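Here is a guided look at a pair of protein chains. Have the sequence and the 3D view open as you read.

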Amino acid sequence: MTQLTAMTQRKRLSNTQSRRQSGSLVVQEEDDDTTFTQPSTSQVQRGLEKLTPAQVDQKTAEVVQYFLVKDQKKIPVRRADLVKHVVKEYRNIYPEIIKRAARTFDQVFGLKLVEIDPKSHMYILINKLEAAEGASPINSPTNPKMGLLFVILSVIFMKGGVVRENLIWNTLKKLRVDPGEKHEEFGDVKKVVTDEFVRQRYLEYARIPHTEPIEHEFRWGQRAELEVSKAKILEFMGQLHEQDPQTWSQQYREAHSVPNSSQPSTSSQR
Amino acid sequence: MKRARGGGDEEAPRQNGSAGRRKGDQQQSDGDDGAGAFGPADLQDDDNDPGLRREIRSKYRDLINSVQQNREDMLSPSNNKLTEVLEEANKLFKDVRQAREAALDAQLLVVATDLGKEKASQLFAEGTAFDPTAYAEHLLSFMGLNRLEDGEDDQQNGGAVDGYLPQDAWHRVARRAECCFRTSPSFHYMMGSFHAEPPPPKQRIERQRKAPSKEAKRMMPTQLKKMESSHQEATEKEVERILGYLKSYYQDDPTSPISYFEFVIDPSSFSRTVENIFHMSFLIRDGLARMYLDNDKLPCIAPVEEGEVEAGGSCSRKQCIVAISPKIWKELIEAFDIRDTMIHPPSTQNE
């Protein structure tokens, strides 16, 4: 189906478009993101005029589907991949398509499409809706890895935003998760934490400069900043410790100062 | 600044005027350890003695290692280890002469400062400090840890309570944590499983939980705690036994020399001969026996008298390697006409 539309599209393009345009198309097909330049508003306008609304809707739907499927693994979607695999020859109207996809996510799915890294152009989806209190009516299977991730994120947050990896490993060991051993639920724990969570942008794992032997530290990744509510973590902390969350005054202030907004600004400070 | 609590006075010397204090130290406590036991006259050799240099560097590395390994423990407010480490480093520093050692001293200082910084940050943190150990304990309870001992608030001991976690321990945490995440929902089947290719990640994890694969824990090399002592002791005993033989033969007739070959060779067993040579070498090495050549240039041995031991230590030591093959062994037996062994094997000793 996609293939078919693409083919008819190409035919149409070759028929109607000027020589200059088809020439640039060949360059773009080298699928490198650097060759993809954001088309200007007027270019988009011209591109749209040459397409029927149904064609644009169709492409938007394909992009939406691509995002939904890609989101299952929570690995951010790179713009380069999106253009290469889905948008293809519609790249001249790329801004319009992404705008429409974002609107669909917003209005139909209750999700928010966020560009987390303006430099490398990566997108993630986050839930716009607050999780309902109590058990959700839909009995979705829980992912134990989220428990693991939660523990790590909460320790980082409670320790002021950055911790040495040793603290994380020691805490996990106390919870019977040894990074050196294969865990029956998580498998290679070290890989899950330093690779999977990092690629999903839940965590940042960076080398501490000037340490011998090499040591690393953990911070919250961009996805965590957007997705995870510090206030709710603190609430859970209070519950566990049987303590008022406000007694951790620093953390409390941080959790409540900036509403967990979806500004990608945090990403630029890396 | 480095450690604002519990022993601020130890910090002072390292921060300012460390050179002055260290110089003082050197005069006071010379001979505190082996490295310091050199008089000023030896100082020149002392500087260039590679063994001593190595020892200092090794001690520095050990110290740095111990700080890095025990970092989490040392961070605890009640722990005084940092002070001890700094004192130890001060002691080491008085023997530092070369740039490499000084570099190690600086490296240790970096490590110690970093630790001190973190300790200080704990102090100045407003509100309740967060204790990851206590947190882990609470989480274990939340996960439904079935405690074998009643160690409810056993936080100081690193939460090393025994007990086992239920199967769904991490699912409990995940379910509770769900409300903290605004994650987009992932696909799942509404009515049970339906095998698709490739399986969606959620599905796979769920199946794994129901039938945990019997994946063996990663093999880790077991650490050798203690050397098997019996073998070592057996050698020691045997060496002493042989010394006993040597002494008794010598006392029987102190004037006639004991031929080395006659002493060690067991004409009935080549392997016993080799063992005797091996054990004999310990006696020579430890200066309990000496070897010399008699008038015929044949090796002889004699026990070293108690009083002689020190004198022997001063004279130059020589090393040699004794090689023997069954062929040489047979030739020696014939040449010396050895009929019987002078060192009886341990089992026949009682006879």
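How many helices and strands are there in chain A? Chain A has 13 helices and eight strands. Please keep in mind that this is a predicted model.

**The two chains**

An unreviewed UniProt entry annotates residues 79–106 of chain B as "coiled-coil region". In the model, that stretch of chain B is 75% helix and 0% strand, and the C-alpha atoms at its ends lie 23 Å apart.

**Where the chains meet**

Let us turn to the interface. The size of an interface is often given as the accessible area lost when the parts come together. For chain A and chain B, that buried area is about 6,000 Å², with 57% of it on carbon and sulfur atoms. Chain A brings 71 residues to the contact, and chain B brings 60 residues.

What polar links does the rule find across this interface? There are 13 residue pairs in polar contact, both partners being at pLDDT 80 or more. The rule also finds one salt bridge between chain A and chain B. In this salt bridge R164(A) pairs with D114(B), and their closest N and O atoms are 2.6 Å apart.

Several elements of chain A give two or more residues to the side that touches chain B, among them α4 (53–70), β3 (122–127), α7 (144–158), α8 (165–174) and α12 (249–257). Which of the elements gives the most? That is α7(A), with eleven residues. Sorted by class, this side of chain A holds 31 nonpolar, 22 polar and 18 charged residues.

One residue of chain B is worth a visit in the viewer. T183(B) sits in the loop between α9 (169–177) and α10 (201–210) of chain B. Is T183(B) buried or exposed? T183(B) counts as buried because its relative accessibility is 16%, and the cut-off for buried is under 20%. Setting aside neighbours within four places in sequence, T183(B) is in contact with K74(A), N127(A), M146(A), Y202(A) and E227(A).

**Helix α8 of chain A**

Back in chain A, α8(A) is one of the elements on the side that touches chain B. Buried residues in α8(A) are E165(A), L167(A), I168(A), W169(A), T171(A) and L172(A). An α-helix has 3.6 residues a turn, so residues three or four places apart point the same way. Just after α8(A), R176(A) takes a positive phi of about 65°.

**Two further backbone details**

Positive phi values also turn up elsewhere. K88(A), in the loop between α5 (79–87) and α6 (94–109) of chain A, has a positive phi of about 45° although K88(A) is not a glycine. With a relative accessible area of 22%, K88(A) is partly exposed.

In chain B, look at the segment after α15 (326–336), where D337(B) is placed. D337(B) is a residue other than glycine, and its phi is positive, near 50°. D337(B) is partly exposed too, with a relative accessible area of 46%.

Methods: Residues are numbered from 1 along each chain as its sequence is written. Chains are lettered from A and ligands numbered from 1 in the order in which they are written. This is a predicted model: local features need pLDDT of at least 70, side-chain atom pairs count only at pLDDT 80 or more; totals for chains, interfaces and linings use all residues. Side-chain values use heavy atoms; hydrogens and water are left out. UniProt positions are given in the numbering used here, feature names are shortened, and annotations may be inferred rather than shown by experiment. Helices (H or I, at least four residues) and strands (E, at least two) are DSSP runs, numbered from the N terminus. Contact means heavy atoms within 4.5 Å. Buried area is the accessible area (1.4 Å probe) that two parts lose on being put together, summed over both. A salt bridge is a side-chain nitrogen of Lys or Arg within 4 Å of a carboxyl oxygen of Asp or Glu. A polar contact is a pair of N or O atoms within 3.5 Å; within protein, one must be able to donate a hydrogen and the other to accept it, and residues adjacent in sequence count only if both atoms are side-chain atoms. Ala, Val, Leu, Ile, Met, Phe, Trp, Tyr, Cys and Pro count as nonpolar, Asp, Glu, Lys and Arg as charged, and the others, Gly among them, as polar. Buried means under 20% relative accessible area, exposed over 50%, partly exposed in between (1.4 Å probe, protein chains only).
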